[in-house]
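Please look through the structure shown below with the helices in view.

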Amino acid sequence: MRGQWTEAQWRVIHQPPGNTAVFATPGSGKTTTLVAHVAHVVQHRFVRSREVSVITFTREAAQDVGTRLRQLDLLQGRDALSLFIGTFHSRIFHLLLQSGRRVQVVLHAREQGLLLRQVLRSFGMPHAQTDIVRWIGWLSRLKSRWPLCTDGLPREVRRVVAAYERSKRRAARWDYDDILMMYCGLLHDRAVGPPPFRYLLVDEFQDTNTVQWQIIQAWHRMYDIPVFVVGDDDQAIYGFRGANPEWLLQFPQTMPCASVHVLDVNFRSGTEIIQCTQRLIRHNRQRIEKRVCAGVGHAGQVHCLRWRDEHAQAAGVVKPLQQSGVLGMTSAGQDILGEKVAVLARTRKQLAALWPWLAGTGVELRTFHDAKGKEWDEVHLIGCAFPNPYLFPAAGERNRRRLSGRLTGCDGLGADRFSDAGEEERRLFYVAMTRAKQRLFLHVPERMAGIPVQPLPYLRESGLWMEPGES
C-alpha cells in the first residue's frame, strides 16, 4: 500500500499517458483510480486539461466523474472545468457540429418507438411494447457495425429496416446510432479533421461496440492519440445492443506497446460474497482470470431461500427488512440504521409485484441491468429461477417467438441460455450478486406467474444450492 492506494492503483495513477488497459473487478475503485490518473497527468503537465477527453457510457457516470474531478484539491478550478467528460454519443455529436456537417435532430426514445410501431403495423407485424423494445435493441445491435449491412437477413427483417430508415429520412431525424455511423463514415473518408484532444480515456470499456472500437482505433492510428481504457470483461451485460467484451480482452494485443493492469482488491463486499461470486463467474470462458481478494474486514453473509410461490417470496423479502428495522424508514427514505437496501430482479414486472409491500419505505427496487455501477449494504435477488415467464409474456407468444428467434437466434430464457453460448446471462447475474456489501439474499420461488420453475443453475455453480441427496 502507498497511502490510500494499493500498489496496482498507484502504478495506474502515476504512469504517463499511453495505451493502457485496466481490468477492474467489482468494488476495486476503478472510477476513483481513473479520476486520480486524470488529475496526475494534468497536474504534471503531461497533457493540457482541454486536450483530455474522458468517455463514459451514461450521463450519470459522466456527472459522477466530473463531480469527483472538481472536488480534487490537485486540480485548479479552470483545469477541472476545461476537461471534456461525456458519453461517446455526446463526444461524437460535438465533433460533427464542430466539423460544420449538417446534423439532424435525434429521436427521443418515445418518438423512436412510435415511428417503429407505425412501420411494424404497416407490415401487419406484432407491435406491442415488448415487440418495440426488442426491435429497438436489435436495430441498435445491427447498427453497432459500420458500414450498415443487411445482407443475409430474412426478407421481412430487411423490409422493416429499410422502411424504418426511409421514415427517418422523410422526417429529417436521426436515432442515436446514426451519430456514430455518420462520423465513422466521415472518418473513414478522411472528411473530418483531427479531434481536439490528445489523450482519450474510456470508462466501462467492456460496453464498447464495434463501431465505437473502429473510431477509437482510427483516432489512434491516424492521429497517434494514446488510449487509456478501464473495464471488467465479467461485467459485460449489453450484448443485446452490440457491446462486446472482446475489444477489452484484445486491447493489449491490438494497441501498440499497451500496458496492462489488474485491480483485484474488492473494497465493497465481504469475503463470503466474493467467494461465491468468483465460483460463479469462473464458469465463463470468454474472460481473463482474476484472483480477487477482500479489502474489507468483514466476512459478509449469503443466504439462499426457497419459497412456495411469489406471494411467499414477497413475504420472505419483507420479513428480514422488518427485523432489521429498515422498514422503519422516514418519509425522506433515511432508515434508522443508516443502511441502504435494494431488491433486484431480472425484469420490471417481477418488481411490480413487490411494490405494494414496499411502497413508501425507501427500499430501492431495480432490475439487474439498472443495478450496475451501484452498491447497497443489503441486496435481495428475487425470482432466482428459470424459465422466467416475465421475459416473454404468453400473449402472442408464437409470433413473438418466431420473430425473436429470427432476430436474436434465441427463443427465450430456457436451459439453452445457460450454456456456454449464454455467458452474458451469467455475467448479468454476477453483476447483481456483486452489488451487495454485507448481506446477500437469493430468493427461489417454486412457481412464477403460476408456472412451475426450477432454481437457476447459477446457484449450484456458486456453491449455494444442492439438490436433495447431493453432498
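In this predicted model, α6 and α7 are roughly perpendicular to each other, because angles from 65 to 115 degrees are counted that way and the two axes cross at roughly 105°. Helix α6 covers residues 109-122 and helix α7 covers residues 129-142, and their axes come within 10 Å. On the α6 side the contact is made by Gln112, Gly113, Leu116, Arg117 and Leu120, and on the α7 side by Gln129, Ile132, Trp135, Ile136 and Leu139. Sorted by class, the contact of α6 with α7 has six nonpolar, three polar and one charged residues.

A second pair is formed by helix α9 (residues 176-188) and helix α10 (residues 210-223), whose axes lie 10 Å apart at an angle of about 30°. Angles under 35 degrees count as roughly parallel, so α9 and α10 are roughly parallel to each other. Their crossing is left-handed. From α9, the residues Leu180, Tyr183, Cys184 and Leu187 take part in the contact; they meet Val211, Gln212, Gln214, Ile215, Ala218, Trp219, Met222 and Tyr223 of α10. The contact of α9 with α10 has 10 nonpolar residues, two polar ones and no charged ones.

Helix α10 also packs against helix α11 (residues 246-254), with an angle of about 20° and axes 12 Å apart. This angle, too, is under the 35 degree limit, and α10 and α11 are therefore roughly parallel to each other. The crossing of α10 with α11 is right-handed, whereas that of α9 with α10 is left-handed. Which residues make the contact between α10 and α11? In α10 they are Thr210, Trp213 and Gln217, and in α11 they are Trp247, Phe251 and Thr254. By class, the contact of α10 with α11 divides into three nonpolar, three polar and no charged residues.

These helices belong to a chain with 19 helices and 19 strands. Of the 471 residues in the chain, 55% are buried. Contacts between residues at least 6 apart in sequence can be sorted by their separation along the chain: 79% of them join residues at least 24 apart.

Asp264 sits in the loop between β8 (259-263) and β9 (265-266). Is Asp264 buried, partly exposed or exposed? Its relative accessible area is 25%, and buried would require a value under 20%, so Asp264 counts as partly exposed. Apart from neighbours within four places in sequence, Asp264 is in contact with Thr25, Arg291, Val292 and Cys293. One of these, Arg291, is 27 residues from Asp264 in sequence, while the C-alpha atoms of the two are 6.5 Å apart in space.

How many disulfides does the structure hold? The number is zero. Cys149 has a relative accessible area of 43% and is partly exposed, since exposed is kept for values over 50%. Cys257, at 80% relative accessibility, counts as exposed.

Methods: Residues are numbered from 1 along each chain as its sequence is written. This is a predicted model: local features need pLDDT of at least 70, side-chain atom pairs count only at pLDDT 80 or more; totals for chains, interfaces and linings use all residues. Side-chain values use heavy atoms; hydrogens and water are left out. A disulfide is a pair of cysteine sulfur atoms within 2.5 Å. Buried means under 20% relative accessible area, exposed over 50%, partly exposed in between (1.4 Å probe, protein chains only). Axes are lines fitted to C-alpha atoms, for helices over the stretch in contact, and angles run from 0 to 180 degrees between N-to-C directions. Helices (H or I, at least four residues) and strands (E, at least two) are DSSP runs, numbered from the N terminus. Angles under 35 degrees count as roughly parallel, over 145 as roughly antiparallel, 65 to 115 as roughly perpendicular and the rest as oblique. A crossing is left-handed if the near helix is turned anticlockwise from the far one by less than a right angle, and right-handed if clockwise. Contact means heavy atoms within 4.5 Å. Ala, Val, Leu, Ile, Met, Phe, Trp, Tyr, Cys and Pro count as nonpolar, Asp, Glu, Lys and Arg as charged, and the others, Gly among them, as polar.
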